[in-house]
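Subject: Structure for you to look at

Hello,

Here is the structure I said I would pass on, with my notes below it. Please read the notes with the structure open beside them.

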Amino acid sequence: MALALYRKYRPKNFSDIFGQESVVEVLKNAGKLDRIGHAYLFYGPRGTGKTTIARLLAKLAVCKTRETDKKFQTKGEPCNKCDACTAIDAGRAIDVVEIDAATNTGVDEIRELKEGIRLAPSYFSRKVVILDEVHMLSKSAFNALLKTLEEPPAHVLLILATTEFDKLPATVTSRTQRYHFKKLTNAQITEKLGAIAKEEEIDADTEALELIASLSEGSLRDAESLLDQVRSVSAKVDVESVEKNLGKVGLVRVGEFSALLLREDLKGALAYIQELEELGYNTTEFTRELIHYLRRVITLAFNSDLEVEFSKEFSSKELAMLKEHSALVAKEKHLPLLKGLILAYSQMRYSPFAAIPLEVALIERFSK
């Protein structure tokens, strides 16, 4: 069975981590100075490297080469060669436990965990527990975890990971070192996908990779999965194949449709929606992308300084299109348009006739 791209290209060293440089720097320094703490909390959007870095930190904590070779310790990296590192990579490390809190939510599971970590490690210098999606724990389970977080046994390292920081009790977060994981920019994801495509000898257009990056919403894992999906059904990864296989449209189509709206071409806009329907595109997702695009167009019209930030997200060609459209913005016309599209999108998500709320919103707006 072929290994999924996101698993095949999962980083083995901190230096391979993409887009989380500030987190990586702190953790590497902790390894260099041998000051790895007892409890960490990684939080941020899905697919940004939380679990991957948790595993790397686990390797760093128990790496036998780092423990015995002071010169190697100054690198702040696991060696990936000793018994501890290879066992963690293979998923057979007895002293490193990964628990999915989404399916182990109760107090009994946490009490069992507490009993287990009291025992000395079997093979490594430390026991490492990675609690993923920790926000899913019940209130009683959180309470059972508090004492262990505050005063764990000396041989224990606890790493909590979550996509929903706001759901964690303050009593838990205050007992950990907290690290925020950011969404990756489209440029960063496109760069990584390009490197993977080259390594895998995938015939992929840059514009197609940029489209996949935008669809991933800042999640590198999602982007790698989408690339895997498209290349499995298409010999060439181009914009057309991405649109066809993922049911989503590229920024060029969104830009074309936006131009029709900004120029108040109702007839052309309705014909465009009909074309999208006939080609089998997901109209709801198209509207979602349209809202995101028009939001950038309108904000750029009122604050030209945002061009610097948008340049990190869009190619030079796309940015030029964005600037061209922002010059067409009229506050009294296009702010109500954006509000109408948001309302239409909320209706489309639950309607069996997805295109109708969009068409009605445009007719109501432009036929006045």
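Helix α14 (residues 251–262) packs against helix α16 (residues 283–302) at an angle of about 65 degrees, and their axes are 10 Å apart. The two helices are therefore roughly perpendicular to each other, and α14 passes α16 in a right-handed crossing. On the α14 side the contact is made by Leu 251, Arg 253, Val 254, Gly 255, Phe 257, Ser 258, Leu 261 and Leu 262. They meet Phe 286, Glu 289, Leu 290, Tyr 293, Leu 294 and Val 297 of α16. The residues of this contact divide into 10 nonpolar, two polar and two charged. Please keep in mind that this is a predicted model.

Next, the sheet. Five strands form an open sheet in the order β2-β3-β4-β1-β5, with parallel pairing. β2 (96–100) and β5 stand at the edges with a single partner strand each, so one side of each has no neighbour in the sheet. On average, neighbouring strands are turned by 15 degrees against each other, direction ignored. As a general point, strands of a sheet pair through backbone hydrogen bonds, either parallel or antiparallel.

Is strand β1 largely enclosed or largely open? Four of the five residues of β1 (residues 39–43) are buried, so the strand is largely enclosed by the rest of the structure. Five bridges join β1 to β4 (residues 156–162), and these two strands run parallel. In that pairing, Tyr 43 stands opposite Thr 162 of β4. β1 is also joined to β5 (residues 177–180), by four bridges and again in parallel. There, Tyr 40 has Gln 177 of β5 as its bridge partner.

Asp 100 stands opposite Asp 132 in β3. Helix α3 (residues 50–62) packs on the sheet and touches β1, β2, β3 and β4. The direction of α3 makes about 170 degrees with that of β4. Helix α2 (residues 21–32) lies across β1 and β5, and runs at about 150 degrees to β5.

Three single residues are also worth a note.

Thr 148 is in helix α8 (residues 139–150). Its relative accessibility is 8%, and since the cut-off for buried is under 20%, Thr 148 counts as buried. Leaving aside neighbours within four places in sequence, Thr 148 is in contact with Lys 114, Ile 117 and Leu 158.

Lys 114 lies in helix α7 (residues 107–118). Not counting residues up to four places away in sequence, Lys 114 touches Ala 144 and Thr 148. Lys 114 and Asp 132 are 18 residues apart in sequence, and their C-alpha atoms are 16 Å apart in space.

Gln 73 is in helix α5 (residues 70–73). With a relative accessible area of 8%, Gln 73 is buried. What does Gln 73 touch, not counting residues up to four places away in sequence? The residues are Gly 31, Lys 32, Leu 33, Asp 34 and Arg 66. Ile 94 is 21 residues from Gln 73 along the chain, and the C-alpha atoms of the two are separated by 24 Å.

Regards

Conventions:
Residues numbered from 1 in each chain as written. Predicted model: local features only at pLDDT ≥ 70, side-chain atom pairs only at ≥ 80, totals over all residues. Heavy atoms only, no water. Buried < 20%, exposed > 50% of the residue type's maximum accessible area, 1.4 Å probe, protein only. Contact = heavy atoms within 4.5 Å. Pairing = 2+ DSSP bridges. Axes fitted to C-alpha atoms, helices over the stretch in contact; angles between N-to-C directions. Parallel < 35°, antiparallel > 145°, perpendicular 65-115°, else oblique. Left-handed = near helix turned anticlockwise from the far one by under 90°. Nonpolar A, V, L, I, M, F, W, Y, C, P; charged D, E, K, R; others polar.
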